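Hello,

Here is the structure for your files. My notes on its salt bridges follow below.

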Amino acid sequence: MLTKEENELLCRVEGDAAMGRLMRHHWTPVCLAEEVGEPDGAPVKARVLGEDLVVFRDSDGRVGVLAEACPHRGPSLVLGRNEEGGLRCLYHGWKMDVDGNVLEMASEPAASGLAAKTKHRAYPSREWGGMVWGWFGAQGSAPEFRAPAWAPSDQVRVSIAKVLLPCNWAQVLEGAIDSAHSSSLHSSDMVPAPVGGAMATGKAWLRPSTDKAPRLQVERASYGFRYAALRRPIRDAARFDYVRSTVFVAPATVLIPPNNLYNVANVNVPVDDTNTAFYFIAWGHPAQTPETHTWRQYLHQSVGVDLDDRYRPLRNEDNRFWQDRQAMKAGNFTGISGFPNQDVAMWLTMGPIADRSRERLGASDLAIVEFRRQMIDAARALDNGEPAIGTAERAIPSGVCAFQAIIPKTMDWRSHEARFTWSDDGREPAGIEPPPAMTHGSLTA
């Protein structure tokens, strides 16, 4: 467990909070690219690390991320007119471009020269992997954008389900690195079967183990850590282990063990101290990875069906997450459709910020303990002048990935040659290199 002071350090991101300062050393997802898919389309409201933002695509297709409040008198630019290369405030007609330049001040005489002297807060932005990314660190300090491990090249299909959750980012991320819970909470969706490895069907993910109490082992790294959950396989358990190896990429990404068709990841963006943008990602070969619509349907995370038009879940504590008790009597473990929704029910019922000082942890919580200690240590190290975890030469190396495999008991999982799930011949997508530097993201994956 953590002390209350440690829990505050881990969870708080707003203002000058130490964890927020750490996160501002990384490029951060702001919204889905599809939310601003149309040039001169409707602007989108976003909030990241406690900062209110407006995102829009201008007439030339460039994406801008600006402070939401107009620099004149402060009304929301989300209501503004997106036209002719800029975003115009409705109140007095001030118009800003994607770089924060004030193009026009309809309420001011041209001779005043005020427009040339005024600059609105604009954040460097990139577009990659189906997301709009922003840099929220010190102005002028943005490093070159590096492709995330889950979208290593533009050959990859990336399908993303998004949901905005009213709880802290850390309890969401801890769910992704907690391998033990999947054998209970998701047991009706991740079904034990006598197969040679994890397999995806149209209705479930099969896995070759009935073991609900995995043995965990952790390997630290400069970018975070990876760990293995070792389980008894259904077949030949005397000679083999079933290994599921997860990768934590600081500050808020998890690479989840894949199935036989595609890779899985999630990104957990702190909206503020008590809200999180949760992005659940399938990625891989275009012929084997579900399209976005299919992915969201499979997860029960579709806008208009499971979410409102602002990506907020319709399932909540008041309606008990649409839990079906009759289905539970018939054999379904949770009665909640869609395994991310099962997670959401657990995260939200912990409260806006989980009180970790009251927990009783066990051996299966080794990865949780490692995550907390590493991030708390990283925040303190940054305050002491050390480089931020996972940045520059500390970034995750190309090719590091999650994996699942049945291996001999005599083999160390750390030496297993893990590869992305890509195609039948086992080759990875070509050209896995960071994308070139971009002023306003024109590259997509």
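**Salt bridges**

A salt bridge here is a side-chain nitrogen of Lys or Arg within 4 Å of a carboxyl oxygen of Asp or Glu.

Please keep in mind that this is a predicted model: local features need pLDDT of at least 70, side-chain atom pairs count only at pLDDT 80 or more, and totals for chains, interfaces and linings use all residues. Residues are numbered from 1 along each chain as its sequence is written, and side-chain values use heavy atoms, with hydrogens and water left out.

- Arginine 12 pairs with glutamate 8; their closest N and O atoms lie 3.0 Å apart. Arginine 12 is partly exposed, at 30% relative accessible area. Glutamate 8 is partly exposed too, at 37%. (Buried means under 20% relative accessible area, exposed over 50%, partly exposed in between, with a 1.4 Å probe and protein chains only.)
- Aspartate 52 and lysine 45 form a salt bridge through their side chains, 3.6 Å from N to O. Aspartate 52 is partly exposed at 34%. Lysine 45 is partly exposed at 47%.
- Arginine 419 bridges to glutamate 417, with 3.8 Å between the closest N and O atoms. Arginine 419 is partly exposed at 38%, whereas glutamate 417 counts as exposed at 62%.

One network also came up. Lys45, Arg47, Asp52, Glu68 and Asp272 are joined in it by salt bridges that share partners.

Best wishes
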